[in-house]
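Have a look at the fold before reading on.

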Amino acid sequence: MFSPGKINHFHSQLLNWFARQKREMPWRKNLDPYRILVSEFMLQQTQVKTVIPYFNKWMRSFPTVKRLAAAKESDVLKHWEGLGYYSRARNLLRSAIQIQNDHSGKVPDTFQEMMRLPGVGRYTAGAVLSIAFDQKVPVLDGNVKRVLSRLMLLNENGSNKKSETRLWETMESLLPDKSCGDFNQAFMELGATVCLPQNPLCEECPLKKLCKAKLSGKQELYPPKKTAAKISKIKVSAAVIFRKGHVYIQKRKGKGLMGGLWEFPGGKREAGETEEECLRREIKEELGVNIRIGEKIVTHRHSYTRFRVTLDVFQCRIHSGKLSPTECDEWKWVKPEELDQFPFPAANVKIIKLLNKNT
Ligand code: SF4
């Protein structure tokens, strides 16, 4: 920890740097707690530059808690389309309904009430309370962990509960009495723009005279590396089934991965299956019909955090059997040009663009 003299210097160095260098972001235009809450949901696992256009569009459609609470889930998911981790969108909608019903539309300003909102964990609660209400509450994300580990030469990367707790405690011990929201944002901003994972820009850093890693030349050794998570490879076949100028789409079941989004039917290839065999089996199991498979439309590769998906998409027609979908909440036949009215996962959006180009 820093001595009392050093901690004041540390606070002023960091806060002055933030006042000069902070990047413009639309949610920084004012401290409306609802805008901060939306931005923090969107920023979980997602970079600032990706979030900005989504945030702006969101605020045009759902400028207040009340407007969001009254929105349809499909409309909310459509606004989230392409941002990934769709449970965040469903939780944000549920949080808005809870805020509207239980708090008269005002984002709550206590830690306990914030933590009761769906999808809000310690990080999001800390960010909203400190930034919107200037409360003395810490945040801890990947950027903060890296800066903390280097600054204090902590042998921690937050990969287990004990390490995570130690980092939260350290961050808490460093908080100033005032301007906590700026302090937390400054820490995150420093990690995102200066204290980079590789080649940190120490000469530009406002903390270079206080940073234990810089002073001992050990920046590259901190934080200690995490064991790399195993990445699985998944092969999926999907069918765009045509009938009289319409295509078949179905809505994924509400609670699972990408729940509430629409998709083309299909599924994972089993060992020893060809792309076409997989598709015939999946469609028979899911829709109860036999299909005739036509041309391949596209092979699309998509990366998620823990797996890589190769998606082979085929044009198909129903050959025999009675359509009786069982693995979805809803299904429809729609014209290709109507497809972009529905929220789809990112990989399906690319297929739709291709279909609309070629029809
Ligand atoms: S001096 Fe270097 S290692 Fe230390 S906090 Fe600043 S950028 Fe990171």
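Leaving aside neighbours within four places in sequence, Phe 187 is in contact with Phe 10, Leu 14, Val 144, Val 147, Leu 148, Leu 151, Met 171 and Leu 174 (contact means heavy atoms within 4.5 Å). Phe 187, Phe 10 and Trp 58 touch the most other members of the largest nonpolar core, which has 74 residues. Such a core is a set of buried Ala, Val, Leu, Ile, Met, Phe, Trp, Tyr and Cys residues joined through side-chain atoms within 4.5 Å; buried means under 20% relative accessible area, with a 1.4 Å probe and protein chains only. Apart from that core lies another of 21 residues, Ile 297 and Leu 355 among them.

A word on the basis: this is a predicted model, where local features need pLDDT of at least 70, side-chain atom pairs count only at pLDDT 80 or more, and totals for chains, interfaces and linings use all residues. Residues are numbered from 1 along each chain as its sequence is written, and side-chain values use heavy atoms, leaving out hydrogens and water.

At the N-terminal end, Asp 141 caps α9, with a side-chain oxygen 3.2 Å from the backbone nitrogen of Asn 143. After α9 comes Leu 153, with a positive phi near 50°.

Technical notes. Polar contact = N/O pair within 3.5 Å; in protein donor to acceptor, adjacent residues only side chain to side chain. Helix = DSSP H or I, 4+ residues; strand = E, 2+ residues; numbered from the N terminus. Buried < 20%, exposed > 50% of the residue type's maximum accessible area, 1.4 Å probe, protein only.
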